[in-house]
Each structure stands twice: as structure tokens, then as C-alpha cells.
Amino acid sequence: MSADLAVGAPIVVVGASIAGLTVAQSLRSEGCTAPIHLIGDEVHLPYGRPPLSKQVLAGQWPEERALLGGAEALAADGIELHTGSAATALDLAGRRVARGGRWQGFSELVVATGLRARRLDLSGGAVASLRTLDDVRVLRRELMGARRVVVVGGGVLGQELAAVTAASGAEVTVVQKPPTLGLGALGPLLSERLLALHRRHGVRVRLGVGVTAAERTPDGGWRVALTDGSVLEADLVVACLGGIPNTEWLAGNGLDLADGVRCDAHGMAAPGVHAVGDVAAWFDPVLGRHRRLEHQTSAIEQALVVARRIVHGPRSDADPFTPYFWSDQYDVKIQALGSFDPPGEWVAIDCPSGELLAWHRHGRCTGVVGWNAGRAFRTARSLVGSHALVA
Amino acid sequence: MQIEVDTEACVGAGQCALVAGEVFDQDDDGIVEVLTHVPDPADESAVRRAATLCPARAITVVEN
């Protein structure tokens with residue numbers, strides 16, 4: 001195997017979803033003229049994940065609309081895109097990554113390898129998941145003609161899937177092991193409201209219950225056994241059990257990989273090695289701890305910070321960005337800005353239509369939730385304690 | 001520079017209105033409204049940031 005010399009070696013971005021793509025493009029817009037390699041293990045051109053569980057799954061958008069700009073734009077920017085190509089190892093001391101049986105040297109490395117869906121291993125066979133474009137293609141096919149659907153996992157993804165599936169007329173049951181529905185830190189706080197929303201649309205939600213076993217039936221369906229002794233019959237079972245950070249390929253280099261790639265407040269994991277997006281656990285100076293966020297907006301903002309750091313060097317001032325996420329379920333748009341650590345309390349804010357709820361801790365608003373709040377959600381930014389966007 | 005927005009893709013995050021308030025606003029539902037499709041040169045860099053920050057990639061900037 002040959003190795004490129006470190007001098008003049010490219011900036012290598014491993015992971016070609018929103019975080020990796022944004023780093024690559026931002027490096028150029030920050031004035032970087034070095035070669036940039038963008039490596040993606042999926043065969044598809046870079047695409048965004050949020051529409052997959054919403055418009056694409058529902059059939060409202062063709063897949064192409066989820067793409068994040070094509071190969072031409074990248075080529076015009078002088079970004080070398082390699083799809084269907086996984087990085088299999090890192091040699092930090094040698095400043096090189098292994099890919100396709102070759103070592104490639106890098107001047108800077110950005111890890112943006114995201115998550116893989118946590119699989120549900122059942123004796124009955126493979127259970128569908130919902131993370132990639134390929135997953136959605138399979139699901140769309142399997143949903144046709146599926147009258148009874150069981151969604152294992154009641155987090156954001158499971159809820160969105162339930163909403164889309166229920167709209168297609170299927171009988172949906174969500175099985176959630178924790179005692180409340182999940183929505184990141186908001187789960188326990190909004191659970192009652194979310195439960196009511198799903199039940200209003202005919203979706204059954206089983207809380208505090210897990211799956212013990214499942215078997216296929218002769219007609220291709222499933223019999224799913226639950227921890228409370230009951231059994232569900234389904235045509236389709238989908239697992240929405242969160243994701244596992246793709247960090248195995250980084251092992252053996254002394255990086256902290258306990259929960260994603262641990263980084264400082266600006267995304268640096270080691271000199272010349274950065275991580276962004278779902279895989280990255282950044283130190284949050286406002287919270288005083290590391291945290292791994294799985295939000296599209298955080299991925300983008302982290303990517304901007306890292307691109308700037310690579311081009312302009314470390315910045316002494318850390319501009320904390322406030323996490324924002326949204327979820328579309330049925331006819332409800334849920335928006336959330338900030339943090340919702342307990343203990344605290346909800347304070348209702350005047351809102352012309354829909355609802356705005358502020359989360360107060362020690363007399364300070366740390367987060368705001370909008371429930372079909374529309375334009376009024378903008379006031380949320382001025383209410384939340386730390387609201388500076390990356391400058 | 002010219003701006004195009006995909007109002008169907010817009011998710012109402014409001015990042016655009018925050019970083020380039022002279023160019024972007026939101027309607028009552030939170031969906032993006034373009035105040036001027038040909039922004040002032042002084043606002044161009046803010047518009048590019050808005051396009052990058054948009055979580056839905058609903059903003060297209062056409063550089064002339």
C-alpha cells in the first residue's frame with residue numbers, strides 16, 4: 001500500500017451526508033484552496049435525512065428532492081466526491097485513513113460518519129429500519145398493502161413513521177419501552193400531549209413495554225410477543241431504536257469513542273482531527289459537559305465552526321449555538337430551541353395561534369417549544385438564554 | 001446575486017430571517033418570505049450564510 005505525503009495531502013472528510021457535505025462546501029466558501037476529498041459509504045449522492053421519514057416516505061416528494069445538490073456543484077467547487085466507499089481504519093500517527101485497500105494521507109481529517117440504525121434482532125428475521133434512502137425504498141414497498149404495522153421505538157422517528165403510516169390508513173401500534181414517548185430531552189415533558197396527538201389519529205401507543213420475540217407467519221406477516229405477555233399481529237414491523245455512532249473504524253488511536261467522537265468546544269478530537277454531526281460529542285460550555293446532538297441544524301452549525309477553524313485557525317471566542325430541531329407529525333409542526341434539562345417548569349407564552357411553551361430553570365428560560373406556533377416561534381430566540389449563532 | 005426559495009421545503013426554522021433579516025422574513029405559518037430577490041451587495045454574505053444554515057436547503061443562491 002502506498003501513502004500520500006502529508007505535505008500537500010488533501011483535507012479528507014469522511015461521511016457525505018449533511019455534516020460532511022457542509023464542511024467540504026464551507027471550506028471552499030471560507031477560501032480554502034487545498035484539495036478536498038469527500039468520502040461517503042453510501043452509493044447515493046449526498047442527501048438529507050429529515051425528508052426521508054416525512055415527505056419521501058409519504059410519497060409526497062420523489063427521492064431526488066432529498067438530494068443535497070449534485071455531483072456537478074461539488075465538481076465545480078473542486079471537491080472530489082467518492083461514494084460507495086467506506087473508510088475502514090485510521091492511522092492517526094501516520095496521518096492517513098484506509099479506504100478500499102489503500103492508505104490515503106490527510107492534512108486535516110473530518111469525521112462525519114454519523115450513525116447506523118440500532119437493529120432489532122429477533123428470531124423471526126430482519127426487521128426493517130429507517131435511516132437511509134435504501135431503508136425508505138424498502139419501507140415504501142412494504143407499506144403498500146400493510147394493514148397492520150408495529151413500530152418498535154417511540155422516539156421522534158418512530159412517531160413520524162407512525163404518523164405517516166396512519167395517514168395511509170394502516171392500523172399502527174407503537175411499542176415504547178420507556179414510560180414516556182421520546183422526543184430527545186423533551187420526551188418526558190411533552191409525552192402526555194404527544195400521546196393524545198397519536199391516539200387522536202387512531203395510533204395505539206404501548207408504553208413501558210418491549211418486544212421479547214417475534215416470528216413470521218405463513219402469510220409473510222409477524223406475530224410479536226411483548227414483555228407484558230400480549231401478542232401483536234402485524235404485516236410489517238419497523239424498528240426505530242435510535243442509532244449507534246459509526247466510530248469503530250477510528251479505534252486504536254487513543255481517541256475517546258465512548259459515545260461518538262469526543263471533541264472540544266470547537267469540534268477538535270485530536271490535532272488535525274475533527275468530528276461533526278451525529279457522530280460528534282462536543283463540549284458544550286453552556287451546559288458544562290459533552291453532548292452528542294442528532295439534529296440537522298447542529299450538524300450544519302458544527303460543520304461551519306470546523307471549516308472556519310481549519311481555514312482560519314482556532315478562535316478564542318466560542319460562540320455557542322443553540323440547538324434547534326423540528327418534527328412534523330400529522331398536522332402538527334413541533335419546534336424546539338435550546339435545552340430542556342430537568343428540573344424546571346413550563347411557562348406558556350402568548351401566541352396568536354398554536355402554542356409556545358418556555359422551559360424555565362432557576363428563573364431562566366433555557367428552551368422554547370412551539371406547537372404549530374408558526375411565525376411566533378421567532379420570539380423564542382430572544383427568550384432563550386444563550387442564543388448566539390455561530391458568527 | 002439572485003435568491004430563490006422552495007417554500008414547500010421550508011420547515012420554518014427561521015435561521016434565514018435571523019442572519020439576514022433585511023432579505024428574509026417568515027409568514028404567519030413560519031414559512032420563508034423573500035423581501036428582495038436581488039439583495040443589496042452589503043447583504044450578500046449574510047444571504048450565503050442563510051442558505052448554508054437552512055436545515056431544509058430551501059434557499060438557492062444564484063451568483064451572477
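A pocket here is an open set of grid points with protein on both sides within 12 Å along at least five of seven lines, and its volume is the space filled by probe spheres set on those points. The legends below refer to a predicted model.

**View 1. The second largest pocket draws on chain A and chain B.** The space in this pocket comes to about 1,200 Å³. Its lining counts 42 residues. Nearest the centre lie Gln25(A), Ala51(B), Thr52(B), Arg57(B) and Ile59(B). From chain A, helix 1 (18-29), helix 3 (71-76), helix 7 and strand 25 (324-329) each give two or more residues to the lining. From chain B, helix 2 (44-53) and strand 4 (59-62) do likewise.

**View 2. Helix 7 of chain A spans residues 296-312.** The distance from the first C-alpha of this helix to the last is 24 Å over 17 residues, close to the 24 Å expected at 1.5 Å a residue. Helix 7 of chain A is largely enclosed by the rest of the structure, because 15 of its 17 residues are buried. After the helix comes Gly313(A), with a positive phi near 85°.

**View 3. Strands 4 and 5 of chain A form a hairpin.** Strand 4 (residues 87-91) and strand 5 (residues 96-99) of chain A are antiparallel and paired over four bridges. Asp91(A) is placed opposite Arg96(A) of strand 5. Four residues separate the two strands, and Arg95(A) in the turn has a positive phi of about 50°.

**View 4. Strands 5 and 6 of chain A form a hairpin.** Strand 5 also pairs in the antiparallel sense, over four bridges, with strand 6 (residues 102-105) of chain A. Here Arg96(A) stands opposite Gly105(A) in strand 6. Two residues lie between these strands, and Gly100(A) in the turn has a positive phi of about 55°.

View 5. Chain A as a whole has a mean pLDDT of 91, with 95% of its residues at 70 or more.

**View 6. Confidence in chain B averages a pLDDT of 92.** In this chain, 100% of the residues score at least 70. Helix 1 (residues 15-19) of chain B has the lowest confidence, with a mean of 89, and strand 3 (residues 32-34) of chain B has the highest, at 96. The model scores ipTM 0.88 and pTM 0.91.

Note on methods. Residues numbered from 1 in each chain as written. Chains lettered and ligands numbered in written order. Predicted model: local features only at pLDDT ≥ 70, side-chain atom pairs only at ≥ 80, totals over all residues. Heavy atoms only, no water. Pairing = 2+ DSSP bridges. pLDDT = per-residue confidence, 0-100. Expected span 1.5 Å × (residues − 1). Buried < 20%, exposed > 50% of the residue type's maximum accessible area, 1.4 Å probe, protein only. 1 Å grid on protein atoms, 1.4 Å probe; cavity = no way out; pocket = protein on both sides within 12 Å on 5 of 7 lines; lining within 4 Å.
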